[in-house]
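Subject: Structure handover

Hello,

Here is the structure I promised to pass on. Please open it first, then read my notes below.

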Amino acid sequence: MGALCLVYWISIGLLLGLCLGADPFANFNLELSYITASPLGVPQQVIAINGKFPGPVLNVTTNYNVVVDVKNKLDEDVLITWSGIQMRRASWQDGVLGTNCPIPPKWNWTYQFQVKDQIGSFYYFPSLNMQRASGGFGSFVVTNRDIIPLPFAIPDGDIVILIGDWYTRNHTALRKALDNGEELGMPDGVLINGKGPYRYNTTLVQDGIVHETINVDPGKTYRIRVHNVGVSTCLNFRIQSHNLLLAETEGYYTSQQNYTSMDVHVGQSYSFLVTMDQNASSDYYIVASARFVNESLWQRVTGVAVLHYSNSKGKVSGPLPDPPNDAFDTTYSLNQAMSIRQNVSASGARPNPQGSFHYGSINVTDVYVLKSLPPSKIDGKLHTTYNGISFVNPDTPIKLADAYKVKGAYKLDFPSKPLERAPSRDRSIINATYKGFIEIIVQNNDTVLQTFHLDGYSFFVVGMGIGEWTENNRGSYNRWDAISRSTVQVFAGGWTAVITS
(Lines give C-alpha, C1' and ligand atoms only; values in the text may rest on other atoms or scores of the structure.)
Protein backbone atom coordinates (compact mmCIF):
# COMPACT_ATOMS: atom_id res chain seq x y z
CA MET A 1 0.00 0.00 0.00
CA GLY A 2 3.07 2.24 -0.23
CA ALA A 3 2.86 5.48 1.67
CA LEU A 4 -0.70 5.12 2.84
CA CYS A 5 -1.23 6.48 6.33
CA LEU A 6 -4.52 5.62 8.01
CA VAL A 7 -5.84 8.47 10.11
CA TYR A 8 -7.67 7.73 13.35
CA TRP A 9 -9.54 10.58 15.02
CA ILE A 10 -10.50 10.33 18.68
CA SER A 11 -12.75 12.99 20.12
CA ILE A 12 -13.03 13.46 23.86
CA GLY A 13 -14.20 16.37 25.94
CA LEU A 14 -16.10 17.62 28.94
CA LEU A 15 -19.49 19.29 28.95
CA LEU A 16 -18.75 22.16 31.30
CA GLY A 17 -20.33 25.15 29.61
CA LEU A 18 -18.86 27.65 27.20
CA CYS A 19 -17.21 30.60 28.89
CA LEU A 20 -16.33 33.36 26.47
CA GLY A 21 -15.48 36.20 28.86
CA ALA A 22 -14.70 39.72 27.68
CA ASP A 23 -12.03 38.90 25.11
CA PRO A 24 -12.40 40.18 21.51
CA PHE A 25 -14.44 38.38 18.88
CA ALA A 26 -13.33 37.31 15.41
CA ASN A 27 -16.16 36.58 12.97
CA PHE A 28 -15.91 34.53 9.79
CA ASN A 29 -18.32 33.25 7.16
CA LEU A 30 -17.47 30.04 5.29
CA GLU A 31 -19.66 28.87 2.42
CA LEU A 32 -18.94 25.38 1.08
CA SER A 33 -19.84 24.75 -2.55
CA TYR A 34 -18.69 22.75 -5.56
CA ILE A 35 -16.63 24.33 -8.31
CA THR A 36 -14.77 22.87 -11.26
CA ALA A 37 -10.98 23.02 -11.15
CA SER A 38 -8.09 21.26 -12.91
CA PRO A 39 -5.16 21.20 -10.47
CA LEU A 40 -3.60 18.20 -12.24
CA GLY A 41 -4.80 19.14 -15.72
CA VAL A 42 -8.01 17.10 -15.46
CA PRO A 43 -11.30 19.00 -14.88
CA GLN A 44 -12.93 17.76 -11.69
CA GLN A 45 -15.36 18.77 -8.98
CA VAL A 46 -13.68 20.24 -5.89
CA ILE A 47 -15.03 21.70 -2.67
CA ALA A 48 -14.45 25.43 -2.47
CA ILE A 49 -14.70 27.79 0.51
CA ASN A 50 -16.26 31.13 -0.44
CA GLY A 51 -15.71 30.19 -4.07
CA LYS A 52 -11.98 29.54 -3.65
CA PHE A 53 -9.83 26.44 -3.48
CA PRO A 54 -8.16 26.11 -1.01
CA GLY A 55 -10.11 28.12 1.53
CA PRO A 56 -9.03 31.39 3.19
CA VAL A 57 -6.59 31.65 6.09
CA LEU A 58 -8.41 32.23 9.38
CA ASN A 59 -6.12 34.45 11.45
CA VAL A 60 -6.93 35.21 15.08
CA THR A 61 -5.05 36.13 18.27
CA THR A 62 -4.64 34.25 21.54
CA ASN A 63 -7.81 34.27 23.70
CA TYR A 64 -10.05 35.53 20.90
CA ASN A 65 -13.60 34.24 20.74
CA VAL A 66 -13.97 32.72 17.29
CA VAL A 67 -17.37 32.74 15.59
CA VAL A 68 -17.60 30.89 12.27
CA ASP A 69 -20.86 30.67 10.36
CA VAL A 70 -20.68 27.67 8.00
CA LYS A 71 -23.18 27.51 5.15
CA ASN A 72 -23.54 24.14 3.41
CA LYS A 73 -24.20 24.39 -0.32
CA LEU A 74 -23.06 20.83 -1.01
CA ASP A 75 -25.47 18.01 -1.79
CA GLU A 76 -24.64 16.08 1.40
CA ASP A 77 -24.13 16.64 5.12
CA VAL A 78 -20.99 18.46 6.24
CA LEU A 79 -19.03 19.27 9.39
CA ILE A 80 -15.94 21.47 9.70
CA THR A 81 -13.29 20.53 12.25
CA TRP A 82 -10.41 22.66 13.52
CA SER A 83 -7.43 20.32 13.60
CA GLY A 84 -5.17 21.01 16.59
CA ILE A 85 -7.33 23.69 18.19
CA GLN A 86 -7.96 22.75 21.81
CA MET A 87 -11.68 22.84 22.53
CA ARG A 88 -11.51 23.81 26.16
CA ARG A 89 -14.96 23.64 27.69
CA ALA A 90 -16.42 23.57 24.18
CA SER A 91 -15.94 20.01 22.91
CA TRP A 92 -19.29 20.11 21.08
CA GLN A 93 -17.81 22.73 18.72
CA ASP A 94 -15.04 20.52 17.33
CA GLY A 95 -16.91 19.48 14.19
CA VAL A 96 -16.77 15.69 14.24
CA LEU A 97 -19.47 13.05 14.48
CA GLY A 98 -19.99 11.95 18.05
CA THR A 99 -19.99 15.51 19.36
CA ASN A 100 -21.74 17.45 16.56
CA CYS A 101 -24.84 16.90 14.48
CA PRO A 102 -24.05 17.20 10.75
CA ILE A 103 -25.06 20.35 8.87
CA PRO A 104 -27.61 19.27 6.22
CA PRO A 105 -27.55 20.65 2.65
CA LYS A 106 -28.84 24.23 2.38
CA TRP A 107 -28.47 24.68 6.15
CA ASN A 108 -25.95 26.67 8.15
CA TRP A 109 -24.42 26.27 11.58
CA THR A 110 -22.47 28.79 13.66
CA TYR A 111 -19.46 27.48 15.55
CA GLN A 112 -18.36 29.47 18.57
CA PHE A 113 -15.26 28.68 20.64
CA GLN A 114 -12.37 30.45 22.33
CA VAL A 115 -8.69 29.90 21.50
CA LYS A 116 -7.87 30.27 25.17
CA ASP A 117 -4.14 30.26 25.92
CA GLN A 118 -3.29 29.00 22.43
CA ILE A 119 -0.85 29.99 19.70
CA GLY A 120 0.41 28.35 16.56
CA SER A 121 -0.26 26.73 13.20
CA PHE A 122 -3.42 24.72 12.57
CA TYR A 123 -5.89 24.07 9.76
CA TYR A 124 -9.56 23.31 9.18
CA PHE A 125 -11.24 20.77 6.90
CA PRO A 126 -14.53 18.89 6.36
CA SER A 127 -14.55 15.79 8.56
CA LEU A 128 -17.32 13.71 6.93
CA ASN A 129 -17.51 11.27 4.03
CA MET A 130 -13.94 11.65 2.71
CA GLN A 131 -14.80 15.25 1.72
CA ARG A 132 -11.29 16.50 2.51
CA ALA A 133 -10.15 14.47 -0.53
CA SER A 134 -12.02 17.06 -2.61
CA GLY A 135 -10.88 20.15 -0.73
CA GLY A 136 -12.72 22.35 1.74
CA PHE A 137 -9.56 22.98 3.75
CA GLY A 138 -7.60 26.06 4.78
CA SER A 139 -5.07 27.29 7.32
CA PHE A 140 -5.99 28.45 10.83
CA VAL A 141 -3.37 30.67 12.48
CA VAL A 142 -3.38 31.81 16.11
CA THR A 143 -0.87 34.64 16.67
CA ASN A 144 0.66 35.74 19.95
CA ARG A 145 -0.63 38.71 21.88
CA ASP A 146 1.71 41.70 21.51
CA ILE A 147 2.71 41.54 25.17
CA ILE A 148 4.08 37.98 24.80
CA PRO A 149 7.55 37.85 23.22
CA LEU A 150 8.30 35.36 20.49
CA PRO A 151 11.24 33.02 21.12
CA PHE A 152 12.79 34.29 17.88
CA ALA A 153 13.12 37.58 16.01
CA ILE A 154 9.90 38.80 14.43
CA PRO A 155 9.86 37.33 10.90
CA ASP A 156 9.70 39.58 7.85
CA GLY A 157 6.66 37.73 6.58
CA ASP A 158 4.27 34.83 7.17
CA ILE A 159 3.69 32.21 4.46
CA VAL A 160 1.21 29.32 4.46
CA ILE A 161 1.93 26.18 2.42
CA LEU A 162 -0.73 23.47 2.20
CA ILE A 163 0.61 20.15 0.88
CA GLY A 164 -1.35 16.98 0.28
CA ASP A 165 -1.88 14.00 -1.96
CA TRP A 166 -4.57 14.37 -4.61
CA TYR A 167 -6.81 12.10 -6.67
CA THR A 168 -8.53 13.10 -9.89
CA ARG A 169 -11.51 11.05 -8.68
CA ASN A 170 -13.68 13.07 -6.32
CA HIS A 171 -14.46 12.09 -2.74
CA THR A 172 -17.70 10.29 -3.58
CA ALA A 173 -15.88 7.93 -5.96
CA LEU A 174 -13.12 7.34 -3.42
CA ARG A 175 -15.67 6.69 -0.70
CA LYS A 176 -17.49 4.19 -2.88
CA ALA A 177 -14.25 2.35 -3.58
CA LEU A 178 -13.47 2.09 0.13
CA ASP A 179 -17.03 0.92 0.87
CA ASN A 180 -16.51 -1.83 -1.73
CA GLY A 181 -13.41 -3.02 0.09
CA GLU A 182 -10.95 -1.56 -2.41
CA GLU A 183 -7.76 0.33 -1.60
CA LEU A 184 -7.39 3.98 -2.54
CA GLY A 185 -4.31 3.15 -4.58
CA MET A 186 -1.54 5.51 -5.62
CA PRO A 187 -2.60 9.18 -5.70
CA ASP A 188 -2.54 11.01 -9.02
CA GLY A 189 -0.26 13.71 -7.63
CA VAL A 190 0.54 16.12 -4.81
CA LEU A 191 -0.84 19.65 -4.63
CA ILE A 192 0.85 22.67 -3.09
CA ASN A 193 -1.68 25.35 -2.13
CA GLY A 194 -4.22 23.66 -4.36
CA LYS A 195 -2.01 23.75 -7.46
CA GLY A 196 -0.22 21.08 -9.44
CA PRO A 197 3.52 20.66 -9.94
CA TYR A 198 5.86 23.04 -11.69
CA ARG A 199 6.98 21.50 -14.97
CA TYR A 200 10.43 20.44 -13.80
CA ASN A 201 10.26 17.35 -16.03
CA THR A 202 8.50 17.41 -19.41
CA THR A 203 7.84 13.67 -19.27
CA LEU A 204 6.35 13.50 -15.78
CA VAL A 205 4.47 16.83 -15.78
CA GLN A 206 2.15 17.75 -18.61
CA ASP A 207 2.08 21.22 -20.09
CA GLY A 208 -0.50 23.74 -18.96
CA ILE A 209 -0.65 22.89 -15.24
CA VAL A 210 -0.73 25.96 -13.00
CA HIS A 211 1.87 25.81 -10.23
CA GLU A 212 2.37 27.77 -7.02
CA THR A 213 5.02 30.51 -6.76
CA ILE A 214 6.16 31.86 -3.39
CA ASN A 215 7.60 35.37 -3.74
CA VAL A 216 10.33 36.47 -1.31
CA ASP A 217 12.98 39.16 -0.90
CA PRO A 218 16.68 38.37 -0.48
CA GLY A 219 18.09 38.52 3.05
CA LYS A 220 14.71 38.35 4.74
CA THR A 221 13.48 35.62 7.09
CA TYR A 222 9.97 34.22 6.72
CA ARG A 223 7.85 32.04 8.97
CA ILE A 224 6.62 29.27 6.69
CA ARG A 225 3.68 27.26 8.03
CA VAL A 226 3.36 23.82 6.40
CA HIS A 227 0.24 21.64 6.75
CA ASN A 228 -0.26 18.14 5.30
CA VAL A 229 -3.96 18.31 4.38
CA GLY A 230 -3.95 15.09 2.35
CA VAL A 231 -5.80 11.86 3.06
CA SER A 232 -3.27 9.04 2.90
CA THR A 233 0.31 9.98 1.97
CA CYS A 234 3.22 10.98 4.17
CA LEU A 235 5.25 13.72 2.47
CA ASN A 236 8.83 14.91 2.74
CA PHE A 237 8.98 18.71 2.56
CA ARG A 238 12.12 20.56 1.46
CA ILE A 239 13.24 23.83 -0.12
CA GLN A 240 16.21 23.60 -2.46
CA SER A 241 19.46 24.96 -0.91
CA HIS A 242 17.64 26.39 2.13
CA ASN A 243 17.66 25.25 5.75
CA LEU A 244 14.39 24.78 7.62
CA LEU A 245 14.76 26.09 11.17
CA LEU A 246 11.95 24.39 13.07
CA ALA A 247 10.22 26.84 15.42
CA GLU A 248 6.75 25.48 16.26
CA THR A 249 4.44 22.56 15.70
CA GLU A 250 0.69 22.49 16.32
CA GLY A 251 0.67 25.17 18.97
CA TYR A 252 3.94 24.63 20.82
CA TYR A 253 7.35 26.21 20.31
CA THR A 254 10.16 23.77 19.67
CA SER A 255 13.85 23.78 20.41
CA GLN A 256 15.17 25.43 17.29
CA GLN A 257 17.00 22.99 15.03
CA ASN A 258 17.91 23.14 11.37
CA TYR A 259 16.67 20.46 8.99
CA THR A 260 17.34 20.03 5.28
CA SER A 261 13.93 18.37 4.96
CA MET A 262 11.06 17.33 7.21
CA ASP A 263 8.69 14.37 7.03
CA VAL A 264 5.23 15.88 7.41
CA HIS A 265 2.71 13.13 8.09
CA VAL A 266 -1.00 13.31 7.29
CA GLY A 267 -2.68 15.89 9.50
CA GLN A 268 0.52 17.41 10.88
CA SER A 269 1.47 21.10 10.93
CA TYR A 270 4.88 22.75 11.33
CA SER A 271 6.26 26.26 11.12
CA PHE A 272 9.82 26.93 10.01
CA LEU A 273 11.97 30.03 9.94
CA VAL A 274 13.58 30.21 6.50
CA THR A 275 16.16 32.85 5.66
CA MET A 276 16.55 33.83 2.01
CA ASP A 277 20.34 33.67 2.10
CA GLN A 278 21.10 32.18 -1.32
CA ASN A 279 22.21 33.95 -4.46
CA ALA A 280 19.49 34.75 -6.95
CA SER A 281 21.07 33.25 -10.05
CA SER A 282 17.76 31.44 -10.47
CA ASP A 283 14.58 30.49 -8.62
CA TYR A 284 14.51 27.46 -6.28
CA TYR A 285 12.35 24.35 -5.97
CA ILE A 286 9.88 23.75 -3.15
CA VAL A 287 9.16 20.01 -3.02
CA ALA A 288 6.71 17.68 -1.26
CA SER A 289 7.29 14.04 -2.24
CA ALA A 290 5.84 10.74 -1.07
CA ARG A 291 7.72 8.79 1.62
CA PHE A 292 8.34 5.07 2.14
CA VAL A 293 7.46 4.13 -1.44
CA ASN A 294 9.14 2.83 -4.55
CA GLU A 295 10.43 6.10 -5.97
CA SER A 296 10.47 4.84 -9.56
CA LEU A 297 6.76 4.01 -9.39
CA TRP A 298 5.72 7.10 -7.42
CA GLN A 299 7.63 9.79 -9.34
CA ARG A 300 4.42 11.51 -10.38
CA VAL A 301 3.31 11.76 -6.75
CA THR A 302 5.47 14.82 -6.16
CA GLY A 303 4.39 18.38 -5.54
CA VAL A 304 6.68 21.09 -6.89
CA ALA A 305 6.36 24.84 -6.36
CA VAL A 306 8.76 27.70 -7.04
CA LEU A 307 10.55 29.93 -4.54
CA HIS A 308 11.08 33.20 -6.41
CA TYR A 309 13.53 35.82 -5.15
CA SER A 310 12.57 39.37 -6.17
CA ASN A 311 16.00 39.75 -7.81
CA SER A 312 16.05 36.30 -9.40
CA LYS A 313 17.89 36.11 -12.70
CA GLY A 314 16.04 33.16 -14.19
CA LYS A 315 13.73 30.17 -13.89
CA VAL A 316 14.66 27.13 -11.84
CA SER A 317 15.69 24.04 -13.79
CA GLY A 318 17.48 20.75 -13.35
CA PRO A 319 16.82 17.84 -10.98
CA LEU A 320 14.84 18.21 -7.78
CA PRO A 321 16.70 18.22 -4.45
CA ASP A 322 17.11 14.66 -3.22
CA PRO A 323 14.74 13.19 -0.62
CA PRO A 324 16.08 11.05 2.25
CA ASN A 325 17.61 7.92 0.74
CA ASP A 326 15.76 5.40 2.91
CA ALA A 327 12.58 4.45 1.08
CA PHE A 328 12.02 1.29 3.12
CA ASP A 329 13.89 2.14 6.32
CA THR A 330 12.05 4.20 8.93
CA THR A 331 15.08 4.72 11.20
CA TYR A 332 15.92 8.20 9.88
CA SER A 333 12.31 9.36 10.03
CA LEU A 334 11.77 7.94 13.52
CA ASN A 335 14.92 9.60 14.84
CA GLN A 336 13.89 12.87 13.22
CA ALA A 337 10.50 12.67 14.93
CA MET A 338 12.06 12.11 18.35
CA SER A 339 14.55 14.95 17.79
CA ILE A 340 11.65 17.43 17.92
CA ARG A 341 11.72 18.76 21.47
CA GLN A 342 9.71 21.40 23.26
CA ASN A 343 11.32 24.75 23.99
CA VAL A 344 10.85 24.65 27.76
CA SER A 345 12.31 28.12 28.33
CA ALA A 346 10.07 29.98 25.88
CA SER A 347 6.84 31.72 26.71
CA GLY A 348 3.85 30.19 24.98
CA ALA A 349 0.48 31.87 25.02
CA ARG A 350 1.25 33.16 28.52
CA PRO A 351 4.37 34.89 29.87
CA ASN A 352 5.81 31.77 31.52
CA PRO A 353 7.91 28.91 30.19
CA GLN A 354 6.06 26.17 28.34
CA GLY A 355 8.07 23.65 30.37
CA SER A 356 6.65 24.83 33.70
CA PHE A 357 4.16 21.96 33.44
CA HIS A 358 6.25 18.98 34.61
CA TYR A 359 4.29 16.17 32.99
CA GLY A 360 7.02 13.62 33.75
CA SER A 361 6.42 13.75 37.50
CA ILE A 362 2.62 13.40 37.47
CA ASN A 363 1.13 10.02 38.36
CA VAL A 364 -0.67 8.32 35.49
CA THR A 365 -4.27 7.38 36.34
CA ASP A 366 -5.22 5.42 33.21
CA VAL A 367 -3.28 3.36 30.67
CA TYR A 368 -4.72 2.37 27.29
CA VAL A 369 -2.96 0.19 24.75
CA LEU A 370 -4.67 0.67 21.37
CA LYS A 371 -3.67 -2.02 18.90
CA SER A 372 -4.56 -1.83 15.22
CA LEU A 373 -4.36 -4.68 12.73
CA PRO A 374 -4.75 -4.84 8.95
CA PRO A 375 -8.36 -4.20 7.91
CA SER A 376 -10.63 -7.20 8.29
CA LYS A 377 -14.14 -8.03 7.12
CA ILE A 378 -17.02 -7.36 9.46
CA ASP A 379 -20.48 -8.09 8.07
CA GLY A 380 -18.98 -8.45 4.60
CA LYS A 381 -17.12 -5.11 4.54
CA LEU A 382 -13.54 -4.17 5.34
CA HIS A 383 -13.08 -2.24 8.59
CA THR A 384 -10.12 -1.01 10.61
CA THR A 385 -10.20 -1.53 14.36
CA TYR A 386 -8.61 -0.57 17.65
CA ASN A 387 -8.53 -3.48 20.10
CA GLY A 388 -10.85 -5.35 17.77
CA ILE A 389 -13.55 -2.65 17.72
CA SER A 390 -14.56 -0.58 14.70
CA PHE A 391 -16.39 2.45 16.06
CA VAL A 392 -19.96 3.14 14.99
CA ASN A 393 -20.98 6.77 15.31
CA PRO A 394 -24.05 7.10 17.55
CA ASP A 395 -27.32 8.39 16.13
CA THR A 396 -27.34 11.03 18.87
CA PRO A 397 -24.05 12.87 19.49
CA ILE A 398 -22.51 11.88 22.80
CA LYS A 399 -22.79 15.35 24.34
CA LEU A 400 -26.49 15.57 23.48
CA ALA A 401 -27.05 12.04 24.75
CA ASP A 402 -25.52 13.06 28.06
CA ALA A 403 -27.47 16.32 28.27
CA TYR A 404 -30.82 14.67 27.48
CA LYS A 405 -30.11 11.35 29.19
CA VAL A 406 -30.55 9.29 26.00
CA LYS A 407 -30.11 5.66 27.00
CA GLY A 408 -28.11 3.27 24.84
CA ALA A 409 -26.50 5.95 22.66
CA TYR A 410 -23.05 4.62 23.51
CA LYS A 411 -21.27 2.19 25.83
CA LEU A 412 -18.50 2.89 28.35
CA ASP A 413 -16.77 -0.43 27.82
CA PHE A 414 -13.87 0.20 25.46
CA PRO A 415 -11.13 -2.27 26.51
CA SER A 416 -7.94 -0.81 27.95
CA LYS A 417 -5.85 -3.42 26.12
CA PRO A 418 -6.23 -5.75 23.13
CA LEU A 419 -8.55 -8.72 23.65
CA GLU A 420 -8.46 -12.09 21.94
CA ARG A 421 -11.81 -11.96 20.18
CA ALA A 422 -13.30 -11.58 16.73
CA PRO A 423 -13.44 -7.99 15.40
CA SER A 424 -16.78 -6.24 15.73
CA ARG A 425 -18.49 -2.89 15.21
CA ASP A 426 -19.68 -1.14 18.34
CA ARG A 427 -20.33 2.19 20.07
CA SER A 428 -17.78 1.60 22.79
CA ILE A 429 -15.95 4.66 24.07
CA ILE A 430 -13.14 5.18 26.59
CA ASN A 431 -14.28 5.73 30.18
CA ALA A 432 -11.30 7.71 31.45
CA THR A 433 -10.81 9.23 34.90
CA TYR A 434 -12.15 12.77 35.23
CA LYS A 435 -9.19 15.18 35.54
CA GLY A 436 -6.92 12.17 35.22
CA PHE A 437 -3.54 11.82 33.49
CA ILE A 438 -3.71 9.25 30.71
CA GLU A 439 -1.00 7.22 29.00
CA ILE A 440 -1.95 5.98 25.53
CA ILE A 441 0.20 3.50 23.63
CA VAL A 442 -0.75 3.13 19.98
CA GLN A 443 0.52 -0.20 18.66
CA ASN A 444 0.45 -0.35 14.86
CA ASN A 445 0.47 -3.97 13.72
CA ASP A 446 -0.83 -2.97 10.30
CA THR A 447 1.44 -2.88 7.25
CA VAL A 448 1.16 0.88 6.70
CA LEU A 449 2.23 3.93 8.66
CA GLN A 450 -0.65 5.52 10.54
CA THR A 451 -1.43 8.94 11.97
CA PHE A 452 -3.00 9.24 15.42
CA HIS A 453 -4.90 12.42 16.25
CA LEU A 454 -6.62 13.45 19.46
CA ASP A 455 -9.36 15.85 18.49
CA GLY A 456 -9.70 19.00 20.59
CA TYR A 457 -6.73 18.09 22.80
CA SER A 458 -2.95 17.83 22.71
CA PHE A 459 -0.56 15.27 24.16
CA PHE A 460 3.12 14.81 24.99
CA VAL A 461 4.89 12.46 22.57
CA VAL A 462 7.05 10.63 25.11
CA GLY A 463 8.16 7.60 23.13
CA MET A 464 8.29 5.91 19.76
CA GLY A 465 9.81 2.69 18.48
CA ILE A 466 9.67 -0.35 16.23
CA GLY A 467 8.40 -3.72 17.47
CA GLU A 468 5.87 -4.65 20.13
CA TRP A 469 5.56 -2.20 23.02
CA THR A 470 6.26 -3.55 26.51
CA GLU A 471 6.32 -1.90 29.91
CA ASN A 472 10.12 -1.90 29.71
CA ASN A 473 9.85 0.73 26.96
CA ARG A 474 8.80 3.25 29.59
CA GLY A 475 12.45 3.47 30.54
CA SER A 476 13.13 5.22 27.22
CA TYR A 477 10.36 7.82 27.61
CA ASN A 478 11.25 11.51 27.37
CA ARG A 479 9.91 12.90 30.65
CA TRP A 480 11.29 16.42 30.42
CA ASP A 481 10.97 18.16 27.05
CA ALA A 482 8.77 15.95 24.86
CA ILE A 483 6.92 17.95 22.25
CA SER A 484 3.23 18.55 22.85
CA ARG A 485 1.04 18.28 19.76
CA SER A 486 -2.25 16.81 18.53
CA THR A 487 -1.13 14.54 15.66
CA VAL A 488 1.64 11.95 15.67
CA GLN A 489 2.86 9.18 13.39
CA VAL A 490 2.91 5.49 14.31
CA PHE A 491 5.23 3.50 12.07
CA ALA A 492 4.13 0.18 10.62
CA GLY A 493 5.12 -2.59 13.00
CA GLY A 494 5.85 -0.02 15.69
CA TRP A 495 4.40 1.96 18.56
CA THR A 496 4.01 5.52 19.80
CA ALA A 497 3.36 6.49 23.41
CA VAL A 498 1.67 9.75 24.43
CA ILE A 499 0.57 11.24 27.74
CA THR A 500 -2.35 13.62 28.08
CA SER A 501 -4.61 15.09 30.72
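Start with the contacts. In the protein chain, 78% of the contacts with a separation of 6 or more are between residues 24 or more positions apart. Keep in mind that this is a predicted model.

Now the overall build. The protein chain has three helices and 31 strands. Its C-alpha atoms fill a box of roughly 70 × 50 × 50 Å along the principal axes. The radius of gyration is 22 Å; a compact globule with 501 residues would have one near 23 Å, so the two agree. Of the 501 residues, 56% count as buried. The accessible surface is about 20600 Å², and carbon and sulfur atoms hold 50% of that.

Next, the aromatic rings. Searching the whole structure gives 17 aromatic pairs. Take phenylalanine 53 and phenylalanine 137: their ring centres are 5.8 Å apart and their planes stand at 55°, so this pair is tilted. The two residues are 84 residues apart, and the pair links distant parts of the chain. Phenylalanine 53 is in the loop between β3 (44–49) and β4 (58–61). Phenylalanine 137 is in the loop between β8 (120–126) and β9 (138–143). Phenylalanine 53 has 16% relative accessibility, so it counts as buried. Phenylalanine 137 has 5%, so it counts as buried too.

There is also an aromatic cluster. It is formed by Trp82, Trp109, Tyr111, Phe113, Tyr124 and Phe140.

Last, charges over rings. Arginine 132 lies over the face of phenylalanine 125, 4.1 Å from the ring centre. Arginine 291 has its charged end over the ring of phenylalanine 292, 4.5 Å from the centre.

Best wishes

Key: Residues numbered from 1 in each chain as written. Predicted model: local features only at pLDDT ≥ 70, side-chain atom pairs only at ≥ 80, totals over all residues. Heavy atoms only, no water. Phe/Tyr/Trp six-rings, centres within 6.5 Å; stacked < 30°, edge-to-face > 60°. Helix = DSSP H or I, 4+ residues; strand = E, 2+ residues; numbered from the N terminus. Buried < 20%, exposed > 50% of the residue type's maximum accessible area, 1.4 Å probe, protein only. Lys NZ or Arg CZ within 6 Å of the ring centre and 35° of its normal. Rg over C-alpha atoms; globule rule 2.2 N^0.38 Å. Contact = heavy atoms within 4.5 Å. Areas by Shrake-Rupley, 256 points an atom, 1.4 Å probe, with all protein chains shown as cover.
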